Amino acid sequence: YLGYSGCDNFSVQPVLCHCQSKRTTLWMWYEWRERMELEDSSTEAYERDMNEVGTLVSEGKSFSEISRGMEILSTCEILAERENALRLRGKVSDIMNATAHPDHDVVIKGTGVDPIGPIPEWTKDISAIDRVRGAAKLYSRASCTDEAITFLEEANRLVSGEGKGGDDNNATSFVKAQILKELGNEYEKASTSESYAKALSCYNAAFTLFESSSHSTKAIETRLDTVNVLRRTRRFDEAEDLLEALELIGTSNDHNGGDSDAAFQKTSIRRGLMKGLILGMGRRDTESRGKALPILQEAANNADEGGFVGLRAAILNASGLIKYQMAGNSIDLLQSGAKDLDAAFRLNIYIGDARSCFQQMRNVGLIHAKLSRLTDSPELLEQAITEFKRGEKFLFRLSKNRIMGELLEIRFRLGESLVAAGRFDEAEPILSKVREERVNQADWHNEARTLELLVKCAYGMKVSGNVSVELSKRANQIKLIYEDALTNESKQERFVKVPITASNGRQILQTSSHLVKDVDLNLSMELQKISDSLFNNH
């Protein structure tokens, strides 16, 4: 590979990254250095470089602040997957020049060409609104949510005649509705309570404009966007009511306003996806979940026939996650869920959806970790560890302000699997950093879950002379969290409203009490006493 950056994350790079090849790969990597350096797969240089970029991103650096950061991540992802990969670092142009003219001395001359290049004449006819909106779409495609929001907010000001270059007389209500819908989509991606509220406001305004301009399919699409936000904020009854209202509209192909048959078909498939998600994820009873799977299967088939790749991937992801949640100890259902998630992952690789790829890697890792326990298969646990690590890499492509929650989640899962595999030395530093972030966020429940794993690490690292000290320290940190809950009404209220926090709390206290017993009997008894006081009635 020569003269290729690997940064075309929506086309060539994902294919190169995920295709198998036994042939030797040679990557010519340009650097201004006097001596050439040749690296190969055995040095683990590619994994090291990816981890360095990932660390900088997780510390808050953007790719614009990391020298060749995206290029390093993209190329190393390809090289790390190859059986035998070489990277030649140096003045590659010297080699090419010497190869083309072996009898000539190589001379490097600057060209003095403007790196931006001339601006084509035809671009002068693009309106300010279209330029800003186009930039927002590019940022959105590159998973730069913050930048996309900034540009769409500016486009909304322009279309309302509030900004320089805006013209309210020439801007149609349809264009404004589209901008509001796109802005709502970016707010939804931001995944905070404030951004969800902003998304709903945008969708409501866009729906009114689409409806008034007789674009019924666009109006239905926007209502489905609203249903999705309501579902994600766990307002399932509202989401279901709105979905049922939509069933009464457009049950026949009577759309107008220039909307295509394909667009109308897509809204019908999205209804199936939303219905399946509400039944499968919003309702806990077995009957509802049982109804969800055939609905999703039909929607996936229709998406496949219609060629809606991203939509089909979303449906398969939903199906896989629901199967995981309702599987219990059913190996067949877990394997079926893993198959759905793997298919969704491959589709999202082709369309370059990094966030969805992360979600599929996380979810399939959870399934393989559980299958490992049920089938006593250590190789499946190793597979889960690999999947969690791959999921982490996909996160590094996302906007720096949007990944911390997901990064902590997948690192927790990675640490959990490493503990299960007995790889305590690897798990301990990962989990320690996760715990530090949970403390900074005042997230006591997830801090306690992480401390439970750190207690297991300390217990498992028997070769260390400081094990008993570390074990007592971590167990005591758990004790402080739940000792406070004895008098903290906020924590007690959470145990009632979110029952999983109570069942997790009981397990965390009992595990810690058992493991610390041999080194600190009094602490062990105190932990058990707190568990009895808090959870005997739960």
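Start by selecting Leu-246, which is found in helix α10, residues 236-248. The model is a predicted one. Leu-246 is buried, because its relative accessible area is 3%, under the 20% cut-off.

Next, show what surrounds Leu-246. Leaving aside residues up to four places away in sequence, Leu-246 touches Ile-220, Arg-223, Leu-224 and Arg-271. Select Arg-271 from that group: 25 residues separate Arg-271 from Leu-246 in sequence, and the C-alpha to C-alpha distance is 8.5 Å.

Now move to helix α18 (residues 424-440) and helix α19 (residues 444-460). Two packed helices are described by the angle between their axes and the distance between the axes. For α18 and α19 the angle is about 155° and the axes are 9 Å apart. That angle makes α18 roughly antiparallel to α19, since the cut-off for this is over 145 degrees. The crossing of α18 and α19 is left-handed.

Display the side chains where these helices meet. On the α18 side, select Phe-424, Ala-427, Glu-428, Leu-431, Ser-432, Val-434, Arg-435, Arg-438 and Val-439. On the α19 side, the residues are Asn-446, Glu-447, Thr-450, Leu-451, Leu-453, Leu-454, Lys-456, Cys-457 and Gly-460. The residues of this contact comprise nine nonpolar, four polar and five charged.

Finish with the cysteines. How many disulfides does a search of the whole structure find? The search finds zero. Select Cys-76, which counts as buried because its relative accessibility is 0%. Then select Cys-357, also buried, at 2% relative accessibility.

Conventions: Residues numbered from 1 in each chain as written. Predicted model: local features only at pLDDT ≥ 70, side-chain atom pairs only at ≥ 80, totals over all residues. Heavy atoms only, no water. Axes fitted to C-alpha atoms, helices over the stretch in contact; angles between N-to-C directions. Helix = DSSP H or I, 4+ residues; strand = E, 2+ residues; numbered from the N terminus. Parallel < 35°, antiparallel > 145°, perpendicular 65-115°, else oblique. Left-handed = near helix turned anticlockwise from the far one by under 90°. Contact = heavy atoms within 4.5 Å. Nonpolar A, V, L, I, M, F, W, Y, C, P; charged D, E, K, R; others polar. Disulfide = S-S within 2.5 Å. Buried < 20%, exposed > 50% of the residue type's maximum accessible area, 1.4 Å probe, protein only.
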